[in-house]
Amino acid sequence: MSDDKLIDFIEQVSGGSHLRVEENLGEGFVRLRIEEAERRQAKHDIRCIEDTVIELLRNARDAHAHSIYIASQKEGEERRLTVIDDGDGIPAELQELVFDARVTSKLETMVEDDWGIHGRGMALFSIRSNTDEARIVSSAPGLGSAFRVAASTAHLGEKVDQSSFPVLELGESGELQVARGPRNILRTAIEFALANRGAIHVYLGSNSEIAATLLEMSQRAVSADTLLFVDDPETLPVAQRLAMATDAAEFIRIASSIGLDISERTAHRVLAGQISPQSDLLSQAKKSRYRHKKADIFKDSRGLKLASEDVQAFSREMEKAFELLAARYYISLTDLPKVQIKGDVITVRFPIEKD
């Protein structure tokens, strides 16, 4: 039986569910069907929870959001993310279609940024392909959006250290930049905020912290007189709806409708002002810079001194040299190489993980 006939026979038996080949080209080469090629690309696009975060942030940015709120919680091995923005919003009839491959609103405005090309219509498709849940909780034209994503970290990994704030330093241009730290959700969001400084404010916290932040922001944005004439919270922008809550029960209901699940006790605490709103990440980053004590020199007890800029430059060269091992042995750095000086020995440590 020829290869082409064999393909046809298997497709008839399996209904095409197991064999996704459009054409056998011979010598072991095949042409994949469009759907299979897109599926494989999607799997490559999202390789960890942090990839999901950056894609949701880029999605909000391209919807012209000025403020983005990320609620992140983990229960057991499940990471849950709710991303709320004040961007353009999505019509109800398109809220499922945007998760299909090649569906995009950026036909003429594809963006290339620090994370690659955005606008292929594959970001949301990639997220849904790699997570247990990916959906729009609430959105409407002109009212912003709330996205909900949940994924098992056993399937879609994340950095083990999710609590460490990255170390920030002043770059050559005099602006803050991330110098080192685990590439966790926090660092991912800060790097995005730094890349979009002046245009977008990014907030990150737990469900309760983001709820408290939205409450404060919405109370500033919506006057009490305006609320008197609003009967339905869904006529307000997603990020402003908590301003309508008059008691804990209503606060819970509105929070749930925008993807923030909180308990009754938490609702009472937020309304009583016992949970502090979050400041935007760049404000936190600037404060964090002054919390980190930075040595000007690295030295041992015998007086050997190396200028900090030389140590940093050496560390970057070691990072480049590491690429040889990374390519051959499927490993990657989790942080910059660590340079340590002791006696007559300079030691370089490479924190790694297996890909």
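Predicted model: local features only at pLDDT ≥ 70, side-chain atom pairs only at ≥ 80, totals over all residues.

Visitor: Where in the chain do Lys74 and Glu158 lie?

Guide: Lys74 belongs to strand E3 (residues 67–75), while Glu158 is in the loop between strand E8 (145–152) and strand E9 (167–170). The two are 84 residues apart, and the pair thus links distant parts of the chain. Lys74 and Glu158 are also linked with Arg79 in a network of salt bridges.

Visitor: What makes Glu158 buried, and what makes Lys74 partly exposed?

Guide: Buried means under 20% relative accessible area, exposed means over 50%, and partly exposed lies in between. Glu158 has a relative accessible area of 17%, and therefore it is buried. Lys74 has 40% relative accessibility, so it counts as partly exposed.

Visitor: How do you know that Lys159 and Glu353 meet in a salt bridge?

Guide: Their N to O distance is 2.8 Å, and the definition asks for a distance within 4 Å. Lys159 lies in the loop between E8 and E9, Glu353 in strand E17 (residues 352–354), and they are 194 residues apart. Lys159 is buried because its relative accessible area is 15%, whereas Glu353, with 33%, is partly exposed.

Visitor: Which helix holds both Arg187 and Glu191, and why is Arg187 called buried?

Guide: Both lie in helix H5 (residues 185–195), 4 residues apart, which is about one turn of the helix. Arg187 has 5% relative accessibility and so counts as buried. Glu191, at 22%, counts as partly exposed, because the cut-off for buried is under 20%.

Visitor: How many salt bridges does a search of the whole structure find?

Guide: The search finds 17 salt bridges.

Visitor: What makes Val103 partly exposed?

Guide: Val103 has 34% relative accessibility, so it counts as partly exposed. Val103 is in the loop between strand E4 (78–85) and strand E5 (111–113). Together with Leu94 and Leu97, Val103 makes a nonpolar surface patch of about 210 Å².

Note on methods: Residues numbered from 1 in each chain as written. Heavy atoms only, no water. Patch = residues over 30% accessible without salt bridge, like charges linked within 9 Å, V, L, I, M, F, W, Y side chains within 5 Å. Areas by Shrake-Rupley, 256 points an atom, 1.4 Å probe, with all protein chains shown as cover. Salt bridge = Lys/Arg side-chain N within 4 Å of Asp/Glu carboxyl O. Buried < 20%, exposed > 50% of the residue type's maximum accessible area, 1.4 Å probe, protein only.
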